[in-house]
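User: Let us go through the ligand site. I want each term set against its cut-off.

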Amino acid sequence: MKKRIAVVPGDGIGPEVIKQAIKVLDAVSNRYNHEFILDYALMGAIAIDETGDPLPQETIDICKMSDGVLFGAIGDPKYDNDPTATVRPEQGLLRLRKELGLYANIRPVRLFASLMDRSPLKEERILGTDLVVYRELTSGIYFGDKGRVEGGNAAFDTCYYTVEEITRIAKMAFEAASRRRGVLTLVDKANVLESSRLWREVVQKMALEYPDVSVDYLFVDNAAMQVVQNPARFDVILTENMFGDIISDETSVITGSIGLLPSASLGLSSSLFEPIHGSYPEAAGKDIANPLATILSLAMLLEHVGLIEEARRVEAAVELVIDKGLVTPDLNDEHFISCSKVGDVVAMMVESDLDEDTSFDNIFEGNLPLI
Ligand code: IPM
Ligand code: MG
């Protein structure tokens, strides 16, 4: 199979973790005889430095031409504490989401049995957690009218949703719930916000078309409590853009490392896959970042383009490296390997037939395991 993939490494640790995912992609192409054509493109602070624009037109064109975009991370501290900066790296990502029509951001949260003790939550609370957040991504308060008034002394952002915008992501979430455990939770603030009342109205009507899905409704403040009190009660969480931004960061801590969580952004015709962590500038260039979230995002990309077996193989390899303790310092600060070694090992596991008994002890001394 031949597929065209746009690769956007971005800022901070983005380029390092993307490099590992590309090793894994090469391994997939060797094992299964696929041809992946990679087109690299700039976005974020690096694009501002090189072109003055966080999202050059060329990047948009490359992404639109692709079967899927693999993206690293965005953001640079030099912009974070300067509210007057008019050009910011994040604008690149927001514009790209809009340009590509990526209205659904999907963030699965799965536990890895061998990492249970990494979670800040007690094991008995998190056991059985397997949820996915469907966050609306191209509308709401992020994209509504905003501005300064009163000579700059007052500011506003508008949360605006149409029935169509709500319906299309709700449809995806209902379908996911029917494939999964059949529970959909709409998270909103319908006791206060008119836009949330519209979400409820639309979702209540749609629920009639999905008799196999049971729908419940939670106000976002209550949901924020419940995701840490009883995460296992959730199956599919559906929510608007900003609540989804916040709730999905919260759900990401359940598993114990934000470095493990992938995401997919799907939409009208394009799709983009990225780790949910940020650019982690303090670690950039040190070869210590965890590449697994990016590698798992690659697995989501493979699945999206129809390479299901390949996706499962990548996921199984990730699970195996975690089980074998071949992880970066965020997962084990006493016994760890580098970001690039994690990439090497996952790629090797994808390409070759290893079994449970293969020894990995020598990898800590700087060698790849003998097979
Ligand atoms: C995310 C990020 C982005 C968002 C930022 C970088 C603009 O936090 O993908 O969750 O707020 O959507
Ligand atoms: Mg966020």
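Analyst: A residue counts as near a molecule if one of its heavy atoms lies within 4 Å of it. This is a predicted model: local features need pLDDT of at least 70, side-chain atom pairs count only at pLDDT 80 or more, and totals for chains, interfaces and linings use all residues. Side-chain values use heavy atoms, with hydrogens and water left out.

User: Which residues surround ligand 1?

Analyst: They are E90, R97, R107, R135, Y142 and D245.

User: What makes the R97 pair a polar contact?

Analyst: A polar contact is a pair of N or O atoms within 3.5 Å. An N or O atom in the R97 side chain is 2.7 Å from an oxygen atom of ligand 1, so the pair qualifies. For R107, a polar side-chain atom lies 2.9 Å from a ligand 1 oxygen. For Y142, the side-chain N or O atom is 2.6 Å from an oxygen of ligand 1.

User: Why is ligand 1 said to lie between domain 1 and domain 2?

Analyst: Domain 1 (1-110 + 257-371) and domain 2 (120-255) both give residues to its shell, so ligand 1 lies between them. The bounds come from an automatic or database domain assignment. The domain centres, taken over C-alpha atoms, are 25 Å apart.

Technical notes
Residues numbered from 1 in each chain as written. Chains lettered and ligands numbered in written order. Polar contact = N/O pair within 3.5 Å; in protein donor to acceptor, adjacent residues only side chain to side chain.
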